[in-house]
Amino acid sequence: MMKSRTYLSLLAVMTGGVASAADEIAVWNQTMIAATLTAPATAAPLTMRVAAIVHAAVFDAVNGIDRKYTPIFVPPAAAPGASKAAAAVQAAYA
């Protein structure tokens with residue numbers, strides 16, 4: 001139940017008409033910070049590790065569409081016309 005509610009919240013935040021790849025990543029960053037402040041307490045080192053992994057995934061997903069920067073782990077392979085918001089949400093969720 002919690003996962004689907006979180007996923008729907010992320011989807012609602014991320015599909016709000018954000019204009020650029022930098023905005024997609026910034027919106028996800030704000031969402032993740034809010035989640036870490038409302039979730040049960042987690043040790044800071046673990047939170048930072050998870051945040052770094054999630055941000056790398058979100059960056060590569062959005063960059064796979066824009067193809068402006070050197071990828072971190074995943075080479076760009078998005079289909080033409082792919083949604084940056086949907087890519088960011090799916091990368092963060094998975």
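Residues count as buried under 20% relative accessible area, as exposed over 50%, and as partly exposed in between. The close-up views below come from a predicted model.

**Figure 1. The salt bridge between D66 and K84.** D66 has a relative accessibility of 23% and therefore counts as partly exposed. Its partner in the salt bridge is K84, with 3.8 Å between the closest N and O atoms. The pair connects distant parts of the chain, since D66 belongs to helix α3 and K84 to helix α4, 18 residues apart. A search of the whole structure finds one salt bridge.

**Figure 2. The packing of helices α3 and α4.** Helix α3 covers residues 44–66, and helix α4 covers residues 84–93. The two axes come within 8 Å of each other and cross at roughly 155°. Angles over 145 degrees count as roughly antiparallel, and α3 and α4 are therefore roughly antiparallel to each other. The crossing of this helix pair is right-handed.

**Figure 3. The nonpolar surface patch of I72, F73 and V74.** These three residues together present about 340 Å² of accessible area on the surface. V74 is located in the loop between α3 and α4. With a relative accessible area of 48%, V74 is partly exposed, because the exposed class begins over 50%.

**Figure 4. A77 in the loop between α3 and α4.** The relative accessible area of A77 is 70%, so this residue is exposed. The loop that holds A77 is also the place of V74.

**Figure 5. The chain as the setting for the close-up views.** The secondary structure consists of four helices and zero strands. From the N terminus on, the order of elements is α-α-α-α. The chain has 94 residues, of which 27% count as buried.

How values were computed. Residues are numbered from 1 along each chain as its sequence is written. This is a predicted model: local features need pLDDT of at least 70, side-chain atom pairs count only at pLDDT 80 or more; totals for chains, interfaces and linings use all residues. Side-chain values use heavy atoms; hydrogens and water are left out. Patches are made of residues with over 30% relative accessible area and no salt bridge: like charges are joined within 9 Å, nonpolar side chains (Val, Leu, Ile, Met, Phe, Trp, Tyr) within 5 Å. Accessible areas come from the Shrake-Rupley method with a 1.4 Å probe; for residues, only the protein chains shown count as cover. A salt bridge is a side-chain nitrogen of Lys or Arg within 4 Å of a carboxyl oxygen of Asp or Glu. Helices (H or I, at least four residues) and strands (E, at least two) are DSSP runs, numbered from the N terminus. Buried means under 20% relative accessible area, exposed over 50%, partly exposed in between (1.4 Å probe, protein chains only). Axes are lines fitted to C-alpha atoms, for helices over the stretch in contact, and angles run from 0 to 180 degrees between N-to-C directions. Angles under 35 degrees count as roughly parallel, over 145 as roughly antiparallel, 65 to 115 as roughly perpendicular and the rest as oblique. A crossing is left-handed if the near helix is turned anticlockwise from the far one by less than a right angle, and right-handed if clockwise.
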